[in-house]
Amino acid sequence: MSNNQAVLDFFVRHGVRPLPIGDAALSVAYLDVGLIDSLGIVTLISELESKLGVQFSAEDMQSYEFQTVGGLIAILDRLTGTSG
Amino acid sequence: MFVPKDVILLPESSRTRPDRWVAMNVFARSCLGVSGEVVQALGRLDDIGVLDEKRFLCWDIERFSNEDGLLADPSRFVRDTATWAELWLDGTALLEKLKMHSIVIDDEAVYRARFQPKRHLLDHRNFGNFHQQHGQHMALKKREDPAAWWMRQKFAPDLLAVRPETLYGAIQWKFLEEFAAHRMQSGLEVIDLGCGTGIYCNLMAKHGASVLGVDPSEEYLSVARNNAIGGTRFVNMKIGQAGGLSGIPSASADMVLMVDALLFYFVPFYPGQQADISILLADISRILKPGGVFVSLEPHAAFYLTPWLGAVDRPFTVITEYLHKEFGVVPPLSEMIGSLIKAGLFVTAMQELGPHYYFKNFDPRGYHFAREFPLWQLLELRKIPT
(Lines give C-alpha, C1' and ligand atoms only; values in the text may rest on other atoms or scores of the structure.)
Protein backbone atom coordinates (compact mmCIF):
# COMPACT_ATOMS: atom_id res chain seq x y z
CA MET A 1 0.00 0.00 0.00
CA SER A 2 1.39 3.42 -0.96
CA ASN A 3 1.69 6.23 1.56
CA ASN A 4 -1.00 8.11 -0.30
CA GLN A 5 -3.39 5.17 -0.10
CA ALA A 6 -2.57 4.49 3.56
CA VAL A 7 -3.42 8.07 4.57
CA LEU A 8 -6.59 8.31 2.47
CA ASP A 9 -7.68 4.89 3.69
CA PHE A 10 -7.28 6.02 7.30
CA PHE A 11 -9.55 9.03 6.76
CA VAL A 12 -12.14 6.90 4.94
CA ARG A 13 -12.34 4.66 8.01
CA HIS A 14 -11.97 7.26 10.78
CA GLY A 15 -13.05 10.63 9.32
CA VAL A 16 -16.43 11.98 10.38
CA ARG A 17 -17.10 12.85 6.72
CA PRO A 18 -15.47 12.04 3.35
CA LEU A 19 -12.46 13.93 2.06
CA PRO A 20 -12.92 15.94 -1.17
CA ILE A 21 -12.13 13.99 -4.33
CA GLY A 22 -8.71 14.32 -5.99
CA ASP A 23 -6.05 16.92 -5.23
CA ALA A 24 -8.46 19.03 -3.15
CA ALA A 25 -8.03 16.44 -0.38
CA LEU A 26 -4.34 17.26 -0.04
CA SER A 27 -4.85 20.75 1.36
CA VAL A 28 -7.36 19.67 4.03
CA ALA A 29 -6.16 20.54 7.57
CA TYR A 30 -7.84 17.49 9.04
CA LEU A 31 -7.79 18.62 12.69
CA ASP A 32 -8.81 22.22 12.02
CA VAL A 33 -11.88 21.10 10.07
CA GLY A 34 -12.73 18.46 12.67
CA LEU A 35 -12.28 15.45 10.39
CA ILE A 36 -10.80 13.57 13.34
CA ASP A 37 -10.41 14.55 16.98
CA SER A 38 -7.43 14.49 19.35
CA LEU A 39 -7.93 10.81 20.11
CA GLY A 40 -8.11 10.16 16.39
CA ILE A 41 -4.69 11.70 15.87
CA VAL A 42 -3.17 9.24 18.34
CA THR A 43 -4.75 6.39 16.36
CA LEU A 44 -3.54 7.92 13.09
CA ILE A 45 0.06 8.15 14.31
CA SER A 46 0.23 4.63 15.70
CA GLU A 47 -1.60 3.09 12.72
CA LEU A 48 0.55 4.74 10.06
CA GLU A 49 3.75 3.97 11.96
CA SER A 50 2.93 0.30 12.32
CA LYS A 51 1.46 -0.12 8.85
CA LEU A 52 4.30 1.63 7.02
CA GLY A 53 7.16 0.71 9.37
CA VAL A 54 8.18 4.32 10.11
CA GLN A 55 8.62 6.45 13.22
CA PHE A 56 7.53 10.08 13.24
CA SER A 57 9.99 12.37 15.02
CA ALA A 58 8.97 15.12 17.45
CA GLU A 59 9.91 17.63 14.73
CA ASP A 60 7.64 15.90 12.21
CA MET A 61 4.73 16.15 14.61
CA GLN A 62 5.44 19.77 15.50
CA SER A 63 5.47 20.86 11.86
CA TYR A 64 2.54 22.53 10.13
CA GLU A 65 3.13 20.09 7.28
CA PHE A 66 1.93 17.27 9.54
CA GLN A 67 -1.45 18.94 9.91
CA THR A 68 -2.62 18.61 6.30
CA VAL A 69 -3.40 15.44 4.38
CA GLY A 70 -0.87 16.27 1.65
CA GLY A 71 1.79 17.30 4.16
CA LEU A 72 1.34 14.07 6.04
CA ILE A 73 1.82 12.07 2.83
CA ALA A 74 4.95 14.13 2.00
CA ILE A 75 6.43 13.38 5.42
CA LEU A 76 5.70 9.70 4.97
CA ASP A 77 7.32 9.81 1.52
CA ARG A 78 10.48 11.22 3.09
CA LEU A 79 10.47 8.67 5.90
CA THR A 80 9.98 5.76 3.53
CA GLY A 81 12.35 7.17 0.88
CA THR A 82 9.56 7.31 -1.68
CA SER A 83 9.23 10.13 -4.19
CA GLY A 84 5.70 11.33 -4.83
CA MET B 1 13.62 41.57 19.40
CA PHE B 2 13.64 41.83 23.20
CA VAL B 3 13.36 39.96 26.49
CA PRO B 4 9.72 39.91 27.66
CA LYS B 5 8.96 40.99 31.21
CA ASP B 6 7.85 37.42 31.91
CA VAL B 7 11.48 36.25 32.13
CA ILE B 8 13.41 35.85 35.40
CA LEU B 9 17.00 34.82 36.01
CA LEU B 10 17.75 32.39 38.81
CA PRO B 11 21.26 31.62 40.05
CA GLU B 12 22.49 28.03 39.77
CA SER B 13 25.94 28.97 41.03
CA SER B 14 28.37 26.67 42.73
CA ARG B 15 31.95 27.09 43.91
CA THR B 16 33.27 25.36 40.82
CA ARG B 17 30.78 26.95 38.45
CA PRO B 18 29.89 30.41 39.80
CA ASP B 19 28.65 31.73 36.47
CA ARG B 20 25.60 29.64 35.74
CA TRP B 21 21.97 30.81 35.55
CA VAL B 22 18.50 29.58 34.68
CA ALA B 23 16.60 31.89 32.37
CA MET B 24 12.92 31.08 32.94
CA ASN B 25 9.84 32.43 31.25
CA VAL B 26 7.43 32.03 34.14
CA PHE B 27 4.29 32.29 31.98
CA ALA B 28 5.42 30.06 29.12
CA ARG B 29 7.09 27.76 31.70
CA SER B 30 10.16 27.39 29.54
CA CYS B 31 13.79 27.37 30.67
CA LEU B 32 17.30 27.60 29.33
CA GLY B 33 20.59 27.36 31.23
CA VAL B 34 22.76 30.37 30.43
CA SER B 35 26.23 31.68 31.25
CA GLY B 36 26.85 35.26 32.33
CA GLU B 37 28.01 36.06 28.84
CA VAL B 38 24.59 35.14 27.50
CA VAL B 39 22.95 37.23 30.25
CA GLN B 40 25.04 40.20 29.12
CA ALA B 41 24.18 39.50 25.50
CA LEU B 42 20.46 39.74 26.34
CA GLY B 43 21.09 43.46 26.70
CA ARG B 44 22.51 43.83 23.18
CA LEU B 45 20.45 41.37 21.18
CA ASP B 46 20.90 43.14 17.85
CA ASP B 47 24.63 42.46 18.04
CA ILE B 48 24.39 38.73 18.73
CA GLY B 49 23.53 37.65 15.21
CA VAL B 50 26.61 39.29 13.71
CA LEU B 51 28.91 37.62 16.24
CA ASP B 52 28.97 34.30 14.45
CA GLU B 53 32.64 33.73 15.09
CA LYS B 54 31.96 33.87 18.84
CA ARG B 55 30.65 30.92 20.82
CA PHE B 56 28.23 31.36 23.74
CA LEU B 57 27.89 28.84 26.55
CA CYS B 58 24.44 27.65 27.53
CA TRP B 59 22.72 24.46 28.61
CA ASP B 60 19.62 22.64 27.34
CA ILE B 61 17.84 22.02 30.64
CA GLU B 62 14.15 22.18 29.88
CA ARG B 63 12.08 19.08 30.56
CA PHE B 64 8.39 18.43 31.08
CA SER B 65 9.00 17.44 34.67
CA ASN B 66 5.39 16.49 35.38
CA GLU B 67 5.97 13.38 33.30
CA ASP B 68 7.23 11.99 36.64
CA GLY B 69 3.79 12.61 38.15
CA LEU B 70 1.25 15.37 38.64
CA LEU B 71 2.72 16.09 42.06
CA ALA B 72 6.34 15.84 40.93
CA ASP B 73 8.57 18.93 40.84
CA PRO B 74 6.81 21.15 38.27
CA SER B 75 9.77 23.48 37.72
CA ARG B 76 10.43 22.28 34.15
CA PHE B 77 14.19 22.17 34.29
CA VAL B 78 16.72 19.45 35.09
CA ARG B 79 17.57 19.93 38.78
CA ASP B 80 20.84 18.02 38.84
CA THR B 81 23.32 20.52 37.40
CA ALA B 82 25.97 17.79 37.22
CA THR B 83 24.03 16.32 34.31
CA TRP B 84 23.62 19.60 32.40
CA ALA B 85 25.17 19.17 28.95
CA GLU B 86 27.15 22.17 27.68
CA LEU B 87 26.16 23.79 24.39
CA TRP B 88 28.52 26.19 22.62
CA LEU B 89 26.40 28.15 20.18
CA ASP B 90 27.25 30.79 17.62
CA GLY B 91 25.20 34.01 17.62
CA THR B 92 22.59 32.82 15.15
CA ALA B 93 22.04 29.51 16.93
CA LEU B 94 21.88 31.27 20.31
CA LEU B 95 19.15 33.64 19.14
CA GLU B 96 17.19 30.71 17.74
CA LYS B 97 17.53 28.87 21.05
CA LEU B 98 16.49 31.91 23.11
CA LYS B 99 13.41 32.41 20.93
CA MET B 100 12.52 28.72 21.07
CA HIS B 101 12.32 28.98 24.86
CA SER B 102 10.52 32.37 24.81
CA ILE B 103 13.44 34.06 26.57
CA VAL B 104 13.59 36.43 23.60
CA ILE B 105 10.63 37.39 21.43
CA ASP B 106 10.17 39.31 18.20
CA ASP B 107 6.66 40.62 18.63
CA GLU B 108 4.77 41.10 21.88
CA ALA B 109 1.31 40.76 20.28
CA VAL B 110 2.20 37.51 18.54
CA TYR B 111 3.76 36.17 21.74
CA ARG B 112 0.73 37.08 23.88
CA ALA B 113 -1.63 35.50 21.37
CA ARG B 114 0.01 32.16 22.13
CA PHE B 115 -1.53 32.11 25.63
CA GLN B 116 -4.71 30.44 24.51
CA PRO B 117 -6.07 26.92 24.73
CA LYS B 118 -4.58 24.48 22.26
CA ARG B 119 -6.90 23.84 19.35
CA HIS B 120 -5.94 20.18 19.05
CA LEU B 121 -3.28 17.66 19.99
CA LEU B 122 -0.87 18.84 17.28
CA ASP B 123 -1.14 22.53 18.20
CA HIS B 124 2.36 23.60 19.25
CA ARG B 125 1.73 27.29 18.74
CA ASN B 126 -0.72 27.95 21.57
CA PHE B 127 0.65 27.15 25.01
CA GLY B 128 -2.69 25.78 26.28
CA ASN B 129 -3.50 24.74 29.82
CA PHE B 130 -1.73 22.13 31.91
CA HIS B 131 -4.01 19.25 30.92
CA GLN B 132 -3.46 20.00 27.25
CA GLN B 133 0.32 20.29 27.59
CA HIS B 134 0.42 17.10 29.59
CA GLY B 135 -1.75 15.21 27.10
CA GLN B 136 0.36 16.41 24.19
CA HIS B 137 3.59 15.46 25.91
CA MET B 138 2.37 12.00 26.85
CA ALA B 139 0.80 11.20 23.49
CA LEU B 140 3.41 12.62 21.13
CA LYS B 141 6.72 12.57 23.02
CA LYS B 142 6.43 9.76 25.54
CA ARG B 143 4.01 7.67 23.46
CA GLU B 144 2.55 6.34 26.69
CA ASP B 145 -0.91 5.00 27.31
CA PRO B 146 -2.46 7.82 29.37
CA ALA B 147 -4.49 5.38 31.51
CA ALA B 148 -1.34 3.42 32.46
CA TRP B 149 0.52 6.66 33.24
CA TRP B 150 -2.26 7.95 35.49
CA MET B 151 -2.10 4.80 37.57
CA ARG B 152 1.69 4.51 37.67
CA GLN B 153 2.31 8.08 38.81
CA LYS B 154 0.15 7.61 41.93
CA PHE B 155 -0.07 3.91 42.72
CA ALA B 156 2.38 1.09 43.46
CA PRO B 157 2.74 -1.50 40.65
CA ASP B 158 0.30 -3.87 42.39
CA LEU B 159 -2.22 -0.99 42.50
CA LEU B 160 -2.91 -1.74 46.15
CA ALA B 161 -1.15 1.28 47.66
CA VAL B 162 -0.41 4.93 47.02
CA ARG B 163 3.33 5.35 46.28
CA PRO B 164 4.98 6.51 49.53
CA GLU B 165 7.89 8.16 47.68
CA THR B 166 5.52 10.69 46.09
CA LEU B 167 3.63 13.59 47.61
CA TYR B 168 0.44 11.61 47.02
CA GLY B 169 1.73 9.21 49.64
CA ALA B 170 3.28 11.76 51.98
CA ILE B 171 0.33 14.16 52.01
CA GLN B 172 -2.84 12.64 50.64
CA TRP B 173 -2.53 9.04 51.85
CA LYS B 174 -1.14 10.04 55.24
CA PHE B 175 -3.97 12.51 55.75
CA LEU B 176 -6.73 10.15 54.63
CA GLU B 177 -5.33 7.34 56.78
CA GLU B 178 -5.81 9.53 59.83
CA PHE B 179 -9.11 10.91 58.56
CA ALA B 180 -10.49 7.37 58.09
CA ALA B 181 -9.35 6.28 61.54
CA HIS B 182 -11.08 9.23 63.18
CA ARG B 183 -14.19 9.68 61.08
CA MET B 184 -15.26 6.27 59.80
CA GLN B 185 -17.52 4.04 61.85
CA SER B 186 -19.73 1.06 61.42
CA GLY B 187 -22.91 1.82 59.51
CA LEU B 188 -21.66 5.07 57.95
CA GLU B 189 -22.79 5.24 54.31
CA VAL B 190 -20.00 6.74 52.21
CA ILE B 191 -19.93 7.39 48.46
CA ASP B 192 -16.57 7.99 46.77
CA LEU B 193 -17.19 9.83 43.50
CA GLY B 194 -14.33 9.36 41.03
CA CYS B 195 -13.04 6.45 43.08
CA GLY B 196 -10.57 5.26 40.43
CA THR B 197 -9.00 1.99 41.52
CA GLY B 198 -10.80 2.07 44.87
CA ILE B 199 -7.86 2.40 47.25
CA TYR B 200 -9.54 5.06 49.36
CA CYS B 201 -12.81 3.08 49.36
CA ASN B 202 -10.94 0.15 50.90
CA LEU B 203 -9.32 2.47 53.43
CA MET B 204 -12.71 3.82 54.57
CA ALA B 205 -14.26 0.34 54.61
CA LYS B 206 -11.43 -1.01 56.78
CA HIS B 207 -12.65 1.36 59.45
CA GLY B 208 -16.22 0.10 59.27
CA ALA B 209 -17.90 2.32 56.67
CA SER B 210 -20.12 0.94 53.94
CA VAL B 211 -18.62 2.43 50.78
CA LEU B 212 -19.96 2.79 47.27
CA GLY B 213 -17.20 3.60 44.76
CA VAL B 214 -18.38 5.36 41.59
CA ASP B 215 -16.26 5.96 38.50
CA PRO B 216 -16.87 6.38 34.76
CA SER B 217 -13.81 4.25 33.86
CA GLU B 218 -14.43 0.52 33.54
CA GLU B 219 -10.68 -0.03 33.41
CA TYR B 220 -10.21 1.49 36.87
CA LEU B 221 -13.31 -0.22 38.20
CA SER B 222 -12.10 -3.67 37.17
CA VAL B 223 -8.93 -3.06 39.22
CA ALA B 224 -11.09 -1.81 42.09
CA ARG B 225 -13.35 -4.90 42.00
CA ASN B 226 -10.37 -7.26 41.93
CA ASN B 227 -8.95 -5.64 45.06
CA ALA B 228 -12.18 -4.88 46.88
CA ILE B 229 -12.52 -5.67 50.57
CA GLY B 230 -15.76 -6.33 52.46
CA GLY B 231 -17.98 -3.29 52.84
CA THR B 232 -17.22 -1.89 49.39
CA ARG B 233 -19.02 -2.11 46.08
CA PHE B 234 -18.26 -0.41 42.80
CA VAL B 235 -20.48 0.91 40.02
CA ASN B 236 -19.90 2.60 36.68
CA MET B 237 -21.77 5.88 36.41
CA LYS B 238 -21.35 9.02 34.31
CA ILE B 239 -20.45 11.52 37.01
CA GLY B 240 -21.39 15.11 36.17
CA GLN B 241 -23.75 14.24 33.32
CA ALA B 242 -27.50 14.86 33.48
CA GLY B 243 -29.05 11.77 35.07
CA GLY B 244 -25.61 10.18 35.44
CA LEU B 245 -26.03 9.45 39.14
CA SER B 246 -29.76 8.74 39.05
CA GLY B 247 -29.05 5.17 40.17
CA ILE B 248 -28.10 6.50 43.62
CA PRO B 249 -31.16 7.19 45.80
CA SER B 250 -31.74 10.68 47.21
CA ALA B 251 -30.77 11.30 50.85
CA SER B 252 -28.84 8.03 51.05
CA ALA B 253 -25.28 9.06 51.98
CA ASP B 254 -23.81 10.24 55.25
CA MET B 255 -20.70 11.33 53.39
CA VAL B 256 -19.76 11.99 49.76
CA LEU B 257 -16.03 12.01 49.15
CA MET B 258 -14.15 13.33 46.13
CA VAL B 259 -10.38 13.14 45.92
CA ASP B 260 -8.56 14.82 43.00
CA ALA B 261 -11.73 14.64 40.97
CA LEU B 262 -13.78 17.81 41.42
CA LEU B 263 -11.32 20.00 39.50
CA PHE B 264 -12.06 18.19 36.25
CA TYR B 265 -15.57 19.63 36.32
CA PHE B 266 -14.37 23.25 36.60
CA VAL B 267 -11.68 23.37 33.94
CA PRO B 268 -11.99 21.66 30.55
CA PHE B 269 -9.89 18.49 30.44
CA TYR B 270 -9.50 18.44 26.67
CA PRO B 271 -10.08 20.99 23.87
CA GLY B 272 -13.75 21.55 23.29
CA GLN B 273 -14.98 19.95 26.52
CA GLN B 274 -17.78 21.83 28.24
CA ALA B 275 -17.02 21.65 31.95
CA ASP B 276 -20.25 22.00 33.91
CA ILE B 277 -20.02 21.69 37.66
CA SER B 278 -23.67 22.50 38.45
CA ILE B 279 -25.04 19.07 37.46
CA LEU B 280 -22.54 17.26 39.67
CA LEU B 281 -23.08 19.50 42.70
CA ALA B 282 -26.86 19.22 42.39
CA ASP B 283 -26.43 15.42 42.42
CA ILE B 284 -24.19 15.55 45.50
CA SER B 285 -26.70 17.74 47.31
CA ARG B 286 -29.51 15.34 46.37
CA ILE B 287 -27.61 12.21 47.43
CA LEU B 288 -26.60 13.51 50.86
CA LYS B 289 -28.82 12.86 53.85
CA PRO B 290 -29.89 16.01 55.71
CA GLY B 291 -26.84 17.02 57.71
CA GLY B 292 -24.65 14.78 55.52
CA VAL B 293 -21.14 15.94 54.69
CA PHE B 294 -19.39 16.46 51.38
CA VAL B 295 -15.60 16.09 51.69
CA SER B 296 -13.55 17.51 48.84
CA LEU B 297 -9.79 16.95 48.74
CA GLU B 298 -8.34 18.78 45.78
CA PRO B 299 -5.04 20.21 44.61
CA HIS B 300 -4.49 23.63 46.13
CA ALA B 301 -6.09 26.57 44.34
CA ALA B 302 -2.94 28.71 44.48
CA PHE B 303 0.16 26.52 44.82
CA TYR B 304 -0.48 23.38 42.74
CA LEU B 305 1.83 23.38 39.69
CA THR B 306 3.75 26.49 40.72
CA PRO B 307 7.54 26.09 40.36
CA TRP B 308 9.65 24.96 43.31
CA LEU B 309 12.33 27.66 43.35
CA GLY B 310 15.11 28.75 45.69
CA ALA B 311 17.35 26.74 47.98
CA VAL B 312 16.17 23.26 48.93
CA ASP B 313 15.20 24.29 52.48
CA ARG B 314 14.23 27.93 51.75
CA PRO B 315 11.71 27.59 48.94
CA PHE B 316 9.92 30.32 47.12
CA THR B 317 7.63 30.29 44.15
CA VAL B 318 6.30 32.55 41.42
CA ILE B 319 2.54 32.83 41.05
CA THR B 320 1.45 34.05 37.65
CA GLU B 321 -2.29 33.54 37.81
CA TYR B 322 -5.04 32.91 40.31
CA LEU B 323 -8.45 34.35 39.47
CA HIS B 324 -8.18 33.81 35.71
CA LYS B 325 -6.43 30.56 34.94
CA GLU B 326 -4.86 30.05 31.54
CA PHE B 327 -2.55 27.27 32.61
CA GLY B 328 -3.75 26.02 35.98
CA VAL B 329 -6.51 23.50 36.37
CA VAL B 330 -7.87 24.23 39.85
CA PRO B 331 -10.49 26.96 40.22
CA PRO B 332 -9.90 29.82 42.66
CA LEU B 333 -11.42 29.29 46.09
CA SER B 334 -14.15 31.87 45.60
CA GLU B 335 -15.36 30.11 42.45
CA MET B 336 -15.25 26.67 44.02
CA ILE B 337 -16.93 27.67 47.29
CA GLY B 338 -19.42 29.88 45.45
CA SER B 339 -20.53 26.93 43.32
CA LEU B 340 -20.85 24.72 46.37
CA ILE B 341 -22.96 27.28 48.24
CA LYS B 342 -25.18 27.67 45.21
CA ALA B 343 -25.77 23.91 45.36
CA GLY B 344 -27.10 24.19 48.92
CA LEU B 345 -23.91 23.30 50.80
CA PHE B 346 -22.11 25.36 53.41
CA VAL B 347 -18.49 25.15 54.49
CA THR B 348 -17.88 23.68 57.95
CA ALA B 349 -14.12 23.09 57.78
CA MET B 350 -11.07 23.78 55.68
CA GLN B 351 -7.53 22.48 55.96
CA GLU B 352 -4.39 23.03 53.90
CA LEU B 353 -2.39 19.84 54.04
CA GLY B 354 1.36 19.45 54.50
CA PRO B 355 3.62 16.43 54.04
CA HIS B 356 4.47 13.79 56.60
CA TYR B 357 7.99 14.14 58.04
CA TYR B 358 9.26 10.88 56.47
CA PHE B 359 9.14 12.49 53.02
CA LYS B 360 12.15 14.66 53.89
CA ASN B 361 14.33 11.62 53.23
CA PHE B 362 12.80 10.88 49.84
CA ASP B 363 12.71 14.37 48.38
CA PRO B 364 13.98 17.23 50.56
CA ARG B 365 13.06 19.90 47.99
CA GLY B 366 9.52 18.60 47.63
CA TYR B 367 9.19 18.25 51.40
CA HIS B 368 10.27 21.80 52.18
CA PHE B 369 8.18 23.28 49.40
CA ALA B 370 5.02 21.37 50.33
CA ARG B 371 5.54 22.16 54.00
CA GLU B 372 5.39 25.89 53.31
CA PHE B 373 3.10 25.97 50.29
CA PRO B 374 0.25 23.47 50.72
CA LEU B 375 -0.44 21.35 47.66
CA TRP B 376 -3.86 20.04 48.71
CA GLN B 377 -6.84 21.71 50.30
CA LEU B 378 -9.61 19.95 52.17
CA LEU B 379 -13.09 21.40 52.23
CA GLU B 380 -15.90 19.95 54.30
CA LEU B 381 -19.41 21.04 53.50
CA ARG B 382 -22.77 20.18 54.94
CA LYS B 383 -26.13 20.18 53.30
CA ILE B 384 -28.23 23.15 54.33
CA PRO B 385 -31.40 21.69 55.93
CA THR B 386 -34.51 22.61 53.97
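## Exercises on chain B

B:L305 is buried, with a relative accessible area of 7%. The model is predicted.

**Exercise 1.** Find where B:L305 sits and state its phi.

*Solution.* Start with the location. B:L305 is in the loop between β10 (288-299) and β11 (309-311) of chain B. Next, take the backbone. Phi of B:L305 is near 75 degrees, which is positive although the residue is not glycine. Last, check the cover. The cut-off for buried is under 20% relative accessible area. B:L305 has 7%, so it counts as buried.

**Exercise 2.** Is B:R29 buried or exposed?

*Solution.* B:R29 belongs to the loop between β2 (21-25) and β3 (30-34) of chain B. Then read its phi. The value is near 60 degrees, positive in a residue other than glycine. Now apply the cut-off. B:R29 has a relative accessible area of 15%, so it is buried.

**Exercise 3.** Compare the radius of gyration of chain B with that of a compact globule.

*Solution.* Take the length: 386 residues. A compact globule of that length would have a radius of gyration near 21 Å. Chain B has 23 Å, which agrees. Then the burial: 54% of the 386 residues count as buried.

**Exercise 4.** How many helices and strands does chain B have, and how far apart are the mean positions of its charges?

*Solution.* Count the elements: 13 helices and 14 strands. Then take the charges, 40 positive and 45 negative. Their mean positions are 2 Å apart.

Technical notes: Residues are numbered from 1 along each chain as its sequence is written. Chains are lettered from A and ligands numbered from 1 in the order in which they are written. This is a predicted model: local features need pLDDT of at least 70, side-chain atom pairs count only at pLDDT 80 or more; totals for chains, interfaces and linings use all residues. Side-chain values use heavy atoms; hydrogens and water are left out. Helices (H or I, at least four residues) and strands (E, at least two) are DSSP runs, numbered from the N terminus. Buried means under 20% relative accessible area, exposed over 50%, partly exposed in between (1.4 Å probe, protein chains only). The radius of gyration is taken over C-alpha atoms; the globule rule is 2.2 Å times the number of residues to the power 0.38. Lys and Arg count as positive and Asp and Glu as negative; His and the chain ends are not counted. The place of a charge is taken as NZ of Lys, CZ of Arg, CG of Asp or CD of Glu.
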